Amino acid sequence: MKSILAETIRAYNQKGWSPATSTNYSFVENGEIWVSRSGVDKATFQADDFILIDEKGVVQAPFEGVKPSDETLIHTMIYRLFPEAKVILHSHSKHPVLISRKFANVFSVENYELQKGFAGVQTHDCQVHIPIVENAQDMSYFEQVLSERKAELKHHCFIIRQHGTYAWGKNLFEAKRHLETLDYLCECELHPY
């Protein structure tokens, strides 16, 4: 998993989704949580840039002293809320960031064929609602708001206002599908004509 996810991270960087050293990623394998370490240029991200953490976000041996992403606790919260999740992807793509300035608490779209990219959506002929949460440096805020809005997270993604998106799935394929579907829908709504 480390190598294929590292390849995905580099590919997303080429799309402009992780400027500077932004974005973070994680996966669960054999009951262990691996998260991207902080401060790595995603253009050169490698398999050994993942570090082991526990369910509270504490770095485990032999990685003591290596700094994980500042948003590691968002990952552990998603894994607690959605035990079926095995991969989490975080993007700073411009489309969701700009969409978050146009909508209040929810990004709503309808009648796009690609919205069927979200798990559980069987038709274009419906509305899809993606939660937008405020940005914060305090990770306890995300713990509270994600718990409160868990029922709204049925499409396995959300937008942090003027920050980026998180998406997850039971495997890398599904997590990518959710992230890319959300980005596509945001882009369409930004450029409707």
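Colleague: What pattern does the protein chain follow, read along the sequence?

Modeller: The order is α-β-β-β-α-β-α-β-β-α-β-β-α. There are five helices and eight strands, taken as DSSP runs numbered from the N terminus, with helices being H or I of at least four residues and strands E of at least two. This is a predicted model, where local features need pLDDT of at least 70, side-chain atom pairs count only at pLDDT 80 or more, and totals for chains, interfaces and linings use all residues. Residues are numbered from 1 along each chain as its sequence is written, and side-chain values use heavy atoms, with hydrogens and water left out.

Colleague: How many of the residues count as buried?

Modeller: Of the 193 residues, 51% count as buried. Buried means under 20% relative accessible area, exposed means over 50%, and partly exposed is in between (1.4 Å probe, protein chains only).

Colleague: Which residues have the most contacts inside the largest nonpolar core?

Modeller: Those are Ile 74, Leu 89, Phe 107 and Phe 158, in a core of 58 residues. The largest share of this core, seven residues, comes from helix 5 (residues 172-190). A nonpolar core is a set of buried Ala, Val, Leu, Ile, Met, Phe, Trp, Tyr and Cys residues joined through side-chain atoms within 4.5 Å.

Colleague: What is Leu 89 in contact with?

Modeller: Leaving aside neighbours within four places in sequence, its contacts include Leu 5, Tyr 12, Leu 172 and Leu 179. Contact means heavy atoms within 4.5 Å.

Colleague: Changing topic, where is Glu 143?

Modeller: Glu 143 is in helix 4 (residues 139-148). Its relative accessible area is 41%, so Glu 143 is partly exposed. Beyond neighbours within four places in sequence, Glu 143 is in contact with Met 77 and Arg 80.

Colleague: And what separates the C-alpha atoms of Glu 143 and Phe 107?

Modeller: They are separated by 21 Å, with the two residues 36 apart along the chain.

Colleague: Is Asn 13 buried or exposed?

Modeller: Asn 13 is buried, with a relative accessible area of 19%. Asn 13 lies in helix 1 (residues 2-14). Leaving aside neighbours within four places in sequence, Asn 13 is in contact with Ser 18, Lys 42 and Ala 43.
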